[in-house]
Amino acid sequence: MYIHFKQHSQLSIKRIWGKTDQEVSAICYDSRKVTKESMFVCMSGENHDGHLYIKEAIVKGAAVIVGENPERLEEGSQQYPEVTFILTENARSFLANISIIFHGRVHEKIQTVGVTGTNGKTTVAAYVKSLMTNLGMPSGYIGTIGMFTSKGRIEFSQTTPTTPESIDLHSIFNQMHLQGDELASMEVTSVAIEQKRVEGITFDVAIHTNLTPEHLEFHQTFENYRKAKLKLFRQAKQAVVNMDDEGMSDEILEIFNGPVLTYSLDKNAKADVKASNLKMSEAGTVFEMVVRGESYIVRAPVFGNYNVANLLAAVCTALHSGFTVQEILPAITMLESPEGRLEVLQEYGNRNIILDYAHTPPALKNLIKEVKKMPHRRLIVMIAGIGIRDWEKMPQMAQAIEGEADEIVVSVDHPGFHDPEDIINKVLSGFKNPRAGNIHRAPTRHEGVLAALNLSSEQDLIVLTSGCINGAQLVKGERIPHSDKDIIQNYFLFEKESLGMEYVQG
């Protein structure tokens, strides 16, 4: 693509060395992926400074170098006069806006739904994708569990836990559009907002689930975290707001000027869409849904009160898109839930194993409250400290589970550059009695899953929680492949072979 840089004021260019227009074949922020005629954008992170990789990018064929460090850029321009060097005010902002230009503003050719909140983002975004597809609007999903078009998974190596970097994001939008998708449902984290990964996008719908302390390792204060979340609603046409959340629902309603739909599990709330009289069975949940005063009986293949609330958010999105309740009701019955969100594995004999991403104290409390409704002999729960997240949250996870389970395994997710034993000790500090006989240590998630399984027997309920995402563990800058499901499958396969017993699937 031929780009005339001076024609695009949104790029906030301060100075250009060399040609002011160039043929650009690709845009990269990782020097290892640079190819001939690429643009390399130097971004600075916690552990790396992209300006240090300018020479490597040029050797690999970069035609344009973009950054914020004028000294390094000018020095580079003197060494490589055939290369265009661009000084910008903010490299991340530049990357977001050049990504939009490079991909022909493809995000405007589909509807975009952005979901933010401390808990529930993945489930709501997945429910929106499933519900809208069922309604005849093919939809994709972008977030923690991967990237999907309406036709299946996109092969994509995630470099961020949830919301992709802007150039990756617009590339995914393009793939969705080429596959015939009409809507993209995506998780938008507070970190992604602050890092300008979604800059330049006006979302058709922004959804708020809830707000409790999280990501304080990045935002430093809860107030900064809240302000970051609010920014999403300043770049959206329509909003969906959880009235049951006291974190920031009132403020969204105060600042947002466009059409708003609210939802609640309180039948007395002044919400547009409400659910009450919830009854859970093995097939899901039956409940009464009231939409603008009209009552309907809903049968949904979802489990847990909080997932009914998540479903209401998706219903509000469908209403914003012009669908009627009469159209929405049959589409709900075919709803698909996301992998790893109150996901029940029932194929391992007479015991149930639940996978759930609950990685905050409120989410863990809500999860345990719901799983206790299921029949079981003993409850075995694995929790984890997440090394790349807020360390002050770790002891709170212990406080949330203490006294709630028969056996507790304390493990580690994504230790990053930290010692796993330090992470476990931080979690254990939240227990009143960390030396209790039912509290067990496991320095890796792999060992944690095995420990939970070893503690279990027939009729037990095993709950594996926390932040194992994207099929990997992040250890010292490396992605180590990991799958709870593979570990579980191999465990029972080995058990079957070692015991010489016929293994009967449930």
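Buried denotes a relative accessible area under 20%, exposed over 50%, and partly exposed the range in between, computed with a 1.4 Å probe on protein chains only. The views below show a predicted model, in which local features need pLDDT of at least 70, side-chain atom pairs count only at pLDDT 80 or more, and totals for chains, interfaces and linings use all residues. Residues are numbered from 1 along each chain as its sequence is written, and side-chain values use heavy atoms, with hydrogens and water left out.

View A. R105 is located in the loop between α3 and β8 (111-116); helices (H or I, at least four residues) and strands (E, at least two) are DSSP runs, numbered from the N terminus. With a relative accessible area of 35%, R105 is partly exposed. Its phi is near 55 degrees, a positive value in a residue other than glycine. K196 lies in the loop between α6 (190-194) and β13. Phi of K196 is near 60 degrees, again positive in a residue other than glycine, and K196 is partly exposed at a relative accessible area of 28%.

View B. An open sheet of mixed pairing is formed by 11 strands in the order β11-β10-β9-β12-β8-β13-β14-β15-β16-β17-β18; two strands pair if DSSP finds at least two bridges between them.

**View C. The pairing of β13 with β14.** Strands β13 (residues 203-208) and β14 (residues 236-242) run parallel and are joined by five bridges.

**View D. Packing of helices α3 and α5.** Two packed helices are described by the angle between their axes and the distance between the axes. Axes are lines fitted to C-alpha atoms, for helices over the stretch in contact, and angles run from 0 to 180 degrees between N-to-C directions. Helix α3 (residues 91-102) packs against helix α5 (residues 166-178) at an angle of about 25 degrees, with the axes 8 Å apart. This makes α3 roughly parallel to α5; angles under 35 degrees count as roughly parallel, over 145 as roughly antiparallel, 65 to 115 as roughly perpendicular and the rest as oblique. The crossing of these two helices is right-handed, a crossing being right-handed if the near helix is turned clockwise from the far one by less than a right angle, and left-handed if anticlockwise. L95, A96, S99 and I100 of α3 make the contact with S166, I167 and H170 of α5, where contact means heavy atoms within 4.5 Å. By class, four nonpolar, three polar and no charged residues take part in the contact of α3 with α5. Ala, Val, Leu, Ile, Met, Phe, Trp, Tyr, Cys and Pro count as nonpolar, Asp, Glu, Lys and Arg as charged, and the others, Gly among them, as polar.

**View E. Packing of helices α10 and α11.** Helix α10 (residues 305-320) and α11 pack at an angle of about 140 degrees, and their axes are 10 Å apart. This makes α10 oblique to α11. Their crossing is right-handed. L311, V315, A318 and L319 in α10 meet V325, I328 and I332 in α11. The contact of α10 with α11 has seven nonpolar, no polar and no charged residues.

**View F. Surroundings of L169 and M186.** L169 belongs to helix α5 and counts as buried at 0% relative accessibility. Apart from neighbours within four places in sequence, L169 is in contact with I142, P164, M186, R197, V198 and I201. M186 is placed in strand β12 (residues 183-187) and also counts as buried, at 0% relative accessibility. With neighbours within four places in sequence left aside, the contacts of M186 include V113, I142, L169, F173, V198 and F203.

**View G. Surroundings of S31.** S31 sits in the loop between β4 (26-28) and β5 (38-41). At 5% relative accessibility, S31 counts as buried. Beyond its neighbours within four places in sequence, S31 is in contact with F40, Y53, E56 and K60.
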